[in-house]
Amino acid sequence: QVQFVESGGGLVQPGGSLRLSCAASGIIFNRYNMGWYRQVPGKQRELVASITPGGITNYGNSVAGRFAISRDNAQNTVYLQMNSLKPEDTAVYYCNRPITTTGAPYYGWGQGTQVTVSS
């Protein structure tokens with residue numbers, strides 16, 4: 001059974017930073033792309049960053065230049081370093097394996113981690 005456990009969220013002021021972690025189990029982690037998604041109430045969940053097994057990264061326009069995704073294949077963990085945070089980054093953040101052609105999630109969701117950017 002595939003499971004994702006996200007952590008590292010919290011309340012931060014605009015301009016601040018957070019580092020999210022996602023521990024994956026039940027998946028051959030080093031074979032697959034991994035991604036971070038976020039969801040704001042009333043909106044669809046969106047893929048904001050992805051990373052290949054070899055470390056090639058891709059970002060959504062809204063986070064490019066501010067967020068950095070990385071992974072540790074030995075620890076089955078994917079990270080999201082978030083810098084220069086803005087109030088519009090407030091969301092619940094989730095990790096998953098994105099389907100390559102569509103970005104849609106391959107598996108079910110973990111509990112997510114709440115990020116709130118507010119002064």
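This is a predicted model: local features need pLDDT of at least 70, side-chain atom pairs count only at pLDDT 80 or more; totals for chains, interfaces and linings use all residues.
Colleague: Why is Ala 91 called buried?

Modeller: Its relative accessibility is 3%. Buried means under 20%, so Ala 91 counts as buried.

Colleague: Where is Ala 91 found, and what stands opposite Ala 91?

Modeller: Ala 91 is found in strand β9. Opposite stands Val 115, in β10.

Colleague: How do you know that β9 and β10 pair?

Modeller: Two strands pair if there are at least two bridges between them. Strand β9, residues 91–96, and strand β10, residues 113–117, have three bridges. Therefore they count as a pair, in the antiparallel sense.

Colleague: Which residues is Ala 91 in contact with, beyond four places in sequence?

Modeller: Arg 38, Gln 39, Val 40, Thr 113, Gln 114 and Val 115. Contact here means heavy atoms within 4.5 Å. Pro 41 is 50 residues from Ala 91 in sequence, with 7.8 Å between the C-alpha atoms.

Colleague: What is the strand order in the sheet of six strands?

Modeller: The order is β2-β10-β9-β4-β5-β6. The sheet is open and the pairing is mixed.

Colleague: What makes β2 and β6 edge strands?

Modeller: β2 (10–12) and β6 (57–59) each have a single partner strand, so one side of each is left without a neighbour in the sheet. The twist averages 25° from one strand to the next.

Colleague: What is the order in the sheet of four strands?

Modeller: That open sheet runs β1-β3-β8-β7, with antiparallel pairing. β1 and β7 stand at the edges, because each has a single partner strand. Neighbouring strands are turned by 15° against each other on average, direction ignored.

Colleague: How do you know that β3 and β8 pair?

Modeller: The rule asks for at least two bridges. β3 and β8 have six, in the antiparallel sense. So they count as a pair. In one of these bridges, Arg 19 has Gln 81 in β8 as its partner.

Colleague: What makes Thr 77 and Gln 75 a polar contact?

Modeller: A polar atom of the Thr 77 side chain lies 2.9 Å from the backbone oxygen of Gln 75. The limit for such a pair is 3.5 Å. Away from its sequence neighbours, Thr 77 is in contact with residues including Ser 21, Phe 29 and Asp 72.

Colleague: Which residues touch the most other members of the largest nonpolar core?

Modeller: Trp 36, Val 78, Leu 80, Met 82 and Tyr 93, out of 25 residues. β3 gives the most to this core, with four residues. Met 82 touches Tyr 93 and Val 115, among others.

Colleague: Why is the Phe 4 and Tyr 107 pair called tilted?

Modeller: The centres are 6.1 Å apart, and the planes make 55°. Rings pair if their centres lie within 6.5 Å. Planes under 30 degrees apart are stacked and over 60 edge-to-face, with the rest tilted. So 55° makes this pair tilted.

Colleague: What does this pair tie together?

Modeller: Phe 4 lies in strand β1 and Tyr 107 in the loop between β9 and β10, so the pair ties together parts 103 residues apart in sequence. Phe 4, Tyr 106 and Tyr 107 form one aromatic cluster.

Colleague: Why is Tyr 107 called partly exposed?

Modeller: Its relative accessibility is 22%. Phe 4, at 3%, counts as buried.

Key: Residues are numbered from 1 along each chain as its sequence is written. Side-chain values use heavy atoms; hydrogens and water are left out. Helices (H or I, at least four residues) and strands (E, at least two) are DSSP runs, numbered from the N terminus. Axes are lines fitted to C-alpha atoms, for helices over the stretch in contact, and angles run from 0 to 180 degrees between N-to-C directions. A nonpolar core is a set of buried Ala, Val, Leu, Ile, Met, Phe, Trp, Tyr and Cys residues joined through side-chain atoms within 4.5 Å. Buried means under 20% relative accessible area, exposed over 50%, partly exposed in between (1.4 Å probe, protein chains only). A polar contact is a pair of N or O atoms within 3.5 Å; within protein, one must be able to donate a hydrogen and the other to accept it, and residues adjacent in sequence count only if both atoms are side-chain atoms. Rings of Phe, Tyr and Trp (its six-membered ring) pair if their centres lie within 6.5 Å; planes under 30 degrees apart count as stacked, over 60 as edge-to-face and the rest as tilted.
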